[in-house]
Amino acid sequence: MSALAIGLIVIVIMVVLLFLGLPLGITFFFTSALGFLWVGGMPMLMNQFSSGIFSLSASYSFAVIPLFLVVGILAGDTGIASGAYSSARTWLGKMRGGLLYTTVVANTLFGAVSGVPSAGNVVFSKIAYPELKKNGYDSGTSLACICSAGALSALIPPSMSILMFCILAEISIGDALVAGTAGGILLTVVLCITIWIVGKISPAKIPKVNPADAQYTFKDKLKSLRLLVPLAAIFAFIIGGSFAGWFPATVGGAIAVVILLIYALFKRIPIKVIANSIWEGTHDFAGLYLMVLGGQLFGRFITVSGIPSALVGWISGLAVPGLVVYLIIVIFYLICGCLMDCMSILIITIPIIFPLLRSVGFDDYIICIALVFLANLGGITPPVGMSVFQTAAVTGERTGVIFRGIIPFFIAFMFCVFLIAIFPNSILWLLKLLGG
C-alpha cells in the first residue's frame, strides 16, 4: 500500500478516535505511531519517537509558547489585560452587545503583548466569560467570540506566526508585521460587524445594555485611556527594540516576561502572586504540551505520507486563474486545519504554497497574512479546533457548546480570507501609507 493511501487511512482513524472521545494529544501520538510504523516500520517509528521528539521539544522556537503563556498570565495579574478590557468596556459598554465588542477590542489591544492566540484565549476566558455569563449572554456565542478574537494575537505584532512565515519565506519581517497590523484591524472590524449581525438575527443571544454600562460619561472614557499606558509602553519597547536591533525579534517572549516582571515589582505586586503567575503559565503549558507536541509529530507523519505534496502537485498542474488556485489552497488549508496545529501547517506548507501563489500573481505580504489567517482558522474548525479545546479547558464548558456558536465567526474569517485576495489594499494600505 502506498504511503499516500496509508496517510488517508490514518486520518480517518484519527477522526474516529476523536469522535469516540479520546483526548487530542493521545490521539495524535497514537495515530502518528501507527502511521510511522505502517509506512517505515520500526526504524522510522523509533527515530521519530526518540530523536524526533527530542528535536521538537528542544527547539528554541518551541520555548516561546510557555513564555507567551506566562506573559498572558502576568498581564492578567498585573492588571494590563483587565485594564484593556475595562477601557474598551467604558467606550463600548453603552452599545447592545457591548461586552462582546469589548472582548474583541480588548483582544486586539492585548495582542500587542502576546504573540500567540492561546494566551488571549486563556486570559479572556477568565476575564470576559464570567462577565458575559453574568450579564445573560448566550454561552455558545460568548465562547465562540473569545476563541475567534484570540486569533488577533496571530496578526497584531509581535506575532510568532508572522515571524516564522518571514523566516521560512525570506521576506521582510518589518513589512510583514505592518501588514499584520492592518490584518488585525480588518479582523477586528469584521468580528464586530459579525456580532452586530448575530444580534439582529438572534436577539435572544445578546441581552440589552446593562444599566451600569449605560452610565459611562465621556470624561470616564478619557480617564480609562490611562489603563492602556502600560500596554502601549510594552508594545513600543518590544517592537521598537526589535526594529532598532537591540535584540532579535524571536526573543520577544523573554523580553516581554522581563518587562512585565519589572512592571509587577513597580506596582508592588506581591512576590507570591508573581510566582503564582509563572507557575500558572507553566501549568497551563503542561496541559497543552501533549497536544502541541503530538500535533507536530502528526504533522511530520502527514509530510512523510506525501499528502501535502500530492495535493500541491495536483494544484500546480491545473491551468486555471490565480483566484481558482487560491480557492483550492483555502480548501486545502481548511482540511489541514482540522488535523494539525497552526505552526505545523505553516512549517509544512510554506516552502511549497508560497512560491505557488507568488507564481500566479499574489503579493508576498498578501500571501503571508492570508496563510496566517487560514492556519489560525484551524483553531476554531471542528473536529480539532485547538483554540476551542483550550477555551473549553479553562472555562470548564463542553466543546460542543463552543462549536455550536462558532459558525458566524467562521464565516467572518472566510470573508476576510477572500477579501484579502480580491482587494489586496484591504491589507496593503498601511504598508503603502508608511512607504513600504
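This is a predicted model: local features need pLDDT of at least 70, side-chain atom pairs count only at pLDDT 80 or more; totals for chains, interfaces and linings use all residues.
I'll start with the charged pairs. The count comes to 4 salt bridges. One of them joins R89 and E131, with the closest N and O atoms 2.9 Å apart. R89 sits in helix 4, residues 80-92, and E131 in helix 6, residues 117-134, so this pair ties together parts that are 42 residues apart in sequence. Is R89 buried or exposed? R89 counts as buried, because its relative accessibility is 12%, and the cut-off for buried is under 20%.

E131 has another partner. Its side chain meets that of K134 in a salt bridge at 3.5 Å, N to O. K134 is exposed, with a relative accessible area of 63%. Taken together, R89, E131 and K134 form a network of salt bridges.

Elsewhere, R358 and D364 meet through their side chains in a salt bridge at 2.9 Å, N to O. R358 is partly exposed, at 42% relative accessible area.

Now the second largest pocket. It holds about 260 Å³ of space. Which helix gives the largest share of its lining? That is helix 9, with 6 residues. Helix 9, residues 173-201, and helix 20, residues 407-422, each supply at least two lining residues. By class, the lining has 9 nonpolar, 2 polar and 1 charged residues. Among the lining residues are V190, I193, I197, K205, P408 and F415.

Next, T395, which is placed in helix 18, residues 386-395. Its side chain reaches the backbone oxygen of T391 at 2.8 Å. A polar atom of the T395 side chain also lies 3.4 Å from the backbone nitrogen of E397. Leaving aside neighbours within four places in sequence, T395 is in contact with S125, Y129 and L143.

N376 is in helix 17, residues 364-377. At 10% relative accessibility, N376 counts as buried. Beyond its neighbours within four places in sequence, N376 is in contact with P117, A151, A154, S161 and C342.

Last, P321, in the loop between helix 14, residues 307-316, and helix 15, residues 322-337. P321 counts as exposed, because its relative accessibility is 55%, and the cut-off for exposed is over 50%. P321 and V360 are 39 residues apart in sequence, yet their C-alpha atoms are 7.6 Å apart in space.

Terms used: Residues are numbered from 1 along each chain as its sequence is written. Side-chain values use heavy atoms; hydrogens and water are left out. Helices (H or I, at least four residues) and strands (E, at least two) are DSSP runs, numbered from the N terminus. A polar contact is a pair of N or O atoms within 3.5 Å; within protein, one must be able to donate a hydrogen and the other to accept it, and residues adjacent in sequence count only if both atoms are side-chain atoms. Contact means heavy atoms within 4.5 Å. On a 1 Å grid over the protein atoms alone, a cavity is a set of points where a 1.4 Å probe fits but cannot get out, and a pocket is an open set with protein on both sides within 12 Å along at least five of seven lines; lining residues have an atom within 4 Å of a point. Grid points are joined across faces, edges and corners, and a volume is the space filled by probe spheres set on the points. Ala, Val, Leu, Ile, Met, Phe, Trp, Tyr, Cys and Pro count as nonpolar, Asp, Glu, Lys and Arg as charged, and the others, Gly among them, as polar. Buried means under 20% relative accessible area, exposed over 50%, partly exposed in between (1.4 Å probe, protein chains only).
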